[in-house]
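Hi everyone, thanks for coming. Have a look at the sequence and the model on the screen, and then I'll walk you through a few spots.

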Amino acid sequence: MEKDLPPGEALVVCFRPFIEHLALANLSPKTIRQHVDNLWSLGGEIIRDLHYDPSRRKWMADRLLRDAVHPDGGPLIHNGSEEQQRSFDSTCRKLHRFLTQAQP
């Protein structure tokens, strides 16, 4: 939807430093692709949540992101298997550590 483009684009900006961090971490290309796929899913889940709580559209993307990921993982993904959720949570935990360490 048109109204989802601005928050989606802002989330991509927030994801970029993490993706660059992954690229420098000596991970295999397959692992990096898996993390990027999981970030895509995370963005989708965040956008989906905006439809259920439109007041959050006023939040900055970094706040939406920090609200979605936790030390134990991320939100439940819709229509995902247990294996996909485990992979997704692994990325969310890694992203949470990155965001926490990146804070001033």
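**Salt bridges and a bent helix**

Let's start with Glu45, which is buried, at a relative accessible area of 7%. Buried here means under 20% relative accessible area, exposed means over 50%, and partly exposed is in between, using a 1.4 Å probe and protein chains only.

Before I go on, a word on where this comes from. This is a predicted model, so local features need pLDDT of at least 70 and side-chain atom pairs count only at pLDDT 80 or more, while totals for chains, interfaces and linings use all residues. Residues are numbered from 1 along each chain as its sequence is written, and side-chain values use heavy atoms, leaving out hydrogens and water.

Okay, back to Glu45: which side chain does Glu45 meet in a salt bridge? That's Arg48, at 3.6 Å from N to O. By salt bridge I mean a side-chain nitrogen of Lys or Arg within 4 Å of a carboxyl oxygen of Asp or Glu. Arg48 is partly exposed, at 32% relative accessibility. Both residues sit in helix α2, three residues apart, which is about one turn of the helix. Helices, by the way, are DSSP runs of H or I with at least four residues, numbered from the N terminus. An α-helix has 3.6 residues a turn, so residues three or four places apart point the same way.

How many salt bridges does a search of the whole structure find? Four. One more of them joins Arg57 to Asp4, with the closest N and O atoms 2.8 Å apart. Arg57 is in the loop between α2 (29–52) and α3 (61–68) and Asp4 is in the segment before α1, so this pair ties together parts that are 53 residues apart in sequence. Asp4 is buried at 12%, whereas Arg57 is partly exposed at 26%.

Now for α1 itself. This helix covers residues 5–23, and its buried residues are Pro7, Leu11, Cys14, Phe15, Phe18 and Leu22. Look at Phe15: α1 bends there by about 35 degrees, and Pro17 follows within four residues. That bend is the angle between axes fitted to the seven residues ending there and the seven starting there.

Note on methods. Helices (H or I, at least four residues) and strands (E, at least two) are DSSP runs, numbered from the N terminus. The expected span of a helix is 1.5 Å times one less than its number of residues.
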